[in-house]
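Please work through each task before reading its solution.

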Amino acid sequence: VEFDTKLRADQVLQDKLNSLSNTTVIMNALSTEVLGDGSQVTGLKYKDRATDEEHVVELAGIFVQIGLLPNTDFLKDSAVELSNRGEIMVNDR
């Protein structure tokens, strides 16, 4: 589900995505709600930005990916622990 009207990822990544038979790319969509039954994800609600129509995709989980480089430069001199790639270190919770 992509907010924009086009993908901005490197072309090699777009080609790989488009080669997968088990994916569908939904463009120009505003994700509005992650749906669940109290124990797991069951769907994602989004609004078509061109028509304002709301849709639901039934699924068993989501993965949020926003770019390849973390936007954490402002944390470099803070107490927040960062990996060598600038990712925020977290525990299993």
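**Exercise 1.** Which side chain meets that of Glu33 in a salt bridge?

Solution. The model is predicted: local features need pLDDT of at least 70, side-chain atom pairs count only at pLDDT 80 or more, and totals for chains, interfaces and linings use all residues. Residues are numbered from 1 along each chain as its sequence is written, and side-chain values use heavy atoms, with hydrogens and water left out.

Step 1. Apply the criterion: a salt bridge is a side-chain nitrogen of Lys or Arg within 4 Å of a carboxyl oxygen of Asp or Glu. The partner of Glu33 is Lys45, at 3.5 Å from N to O.

Step 2. Locate the pair, taking strands as DSSP runs of E with at least two residues, numbered from the N terminus. Glu33 lies in strand β1 (residues 29-36) and Lys45 in strand β2 (residues 41-48); the two are twelve residues apart and link distant parts of the chain.

Step 3. Classify exposure (buried: under 20% relative accessible area; exposed: over 50%; partly exposed: in between; 1.4 Å probe, protein chains only). Glu33 is partly exposed at 38%, and Lys45 is partly exposed at 22%.

**Exercise 2.** Is Asp4, the salt-bridge partner of Arg8, buried or exposed?

Solution. Step 1. The side chains of Arg8 and Asp4 form a salt bridge at 2.6 Å, N to O.

Step 1. Asp4 is buried, with 18% relative accessibility, whereas Arg8 is exposed at 65%.

**Exercise 3.** How many salt bridges does the structure hold?

Solution. There are four. Among them is the bridge between Arg85 and Glu87, at 3.1 Å from N to O; Arg85 is exposed at 59%, and Glu87 is partly exposed at 33%.

Note on methods. Helices (H or I, at least four residues) and strands (E, at least two) are DSSP runs, numbered from the N terminus.
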